[in-house]
Amino acid sequence: MANTIHLEEKEGVAIVYLNRPEAYNAFDLDMVQRLAETLISLALDRNIAGVIISGKGHAFCAGGDLRWVKGQGNNLSKAFHELAARFHQAIIEIRRMPKPVVAAINGLAAGGGFSMVLACDFRVMTTSATLKQGYTSNGLSIDGGGSFMLPRLVGAAKALEIAAFDRPIDAETASQWGLVTENVNDGQAVDAAFDLISKLKKRSLTSFAASKKLITDSFNTSFETHLENERNLLSFVAGQPNGVEGLTAFLEKRPPVFEAPSGKERPDHIR
């Protein structure tokens, strides 16, 4: 069976390549299940400080493989139900990953690829790449958390416009709308994503994990509950080595020197 997920590691950063270039990295059931399993493993790997997701070839990801869906017979609802279940597992792993996840958008990101990009913490996009919601042009509705993340990034009105008209979004427009973190030249998406994570590695990854969890959970909790979550995580993080170092450095008026977490204070402890 083809290796539809290609994994590389560089200096504590995992680079996950979607590897069906002949299909513009569209995912079938096997591919998206392998993606979810890979992300679960990386979340628990203490040697990995951050994750980059990109695509082999000229595309990031064209979304779900509609040819695969049609090949499952006449019950399209069943095929989509099963595919979305596996896809959503991967999306949840991205959002729950206690480490930075960066989308290195090297080409077209459409449909499920568009939703996957939105689920990542940061997005680096090449100048010739294109974002496209895609679903509604094919008579479908959005999945992969796209309808959840999109209005939180661009506002409800703009999100509905994107859903209704499905116009291609170029790199400049994506930057103006706040959909991407950085625009880079073609061929430089993965390198730029690696540089971004390298900068984060010099900061407290324990703080990053706590901040990501709080921001993600804020969509689903009451204000009072969220305040209690903030208090609990602040108390936890403050007692970890990076918390102690940060406070000590502040009082000594020097830059902090953070360490990669280990043991109980590792980022994957905050999930």
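The charged end of Arg 167 sits over the ring of Phe 165, 4.7 Å from its centre. Here, a charge sits over a ring if NZ of Lys or CZ of Arg is within 6 Å of the ring centre and within 35 degrees of the ring normal. Arg 152 places its charged end over the ring of Phe 148, 3.7 Å from the centre.

This is a predicted model: local features need pLDDT of at least 70, and side-chain atom pairs count only at pLDDT 80 or more. Residues are numbered from 1 along each chain, and side-chain values use heavy atoms, without hydrogens or water.

Three aromatic pairs are counted. Rings of Phe, Tyr and Trp (its six-membered ring) pair if their centres lie within 6.5 Å; planes under 30 degrees apart are stacked, over 60 edge-to-face, the rest tilted.

Phe 122 lies in strand 7 (residues 122-126) and Phe 208 in helix 9 (residues 205-217), 86 residues apart. Helices (H or I, at least four residues) and strands (E, at least two) are DSSP runs, numbered from the N terminus. Phe 148 belongs to helix 5 (residues 146-154) and Phe 219 to the loop between helix 9 and helix 10 (223-238), so this pair ties together parts 71 residues apart in sequence.

Phe 208 is buried, at 16% relative accessible area. Phe 122 is partly exposed, at 23%. Phe 148 is partly exposed at 30%, and Phe 219 is partly exposed at 34%. Buried means under 20%, exposed over 50%, partly exposed in between (1.4 Å probe, protein chains only).
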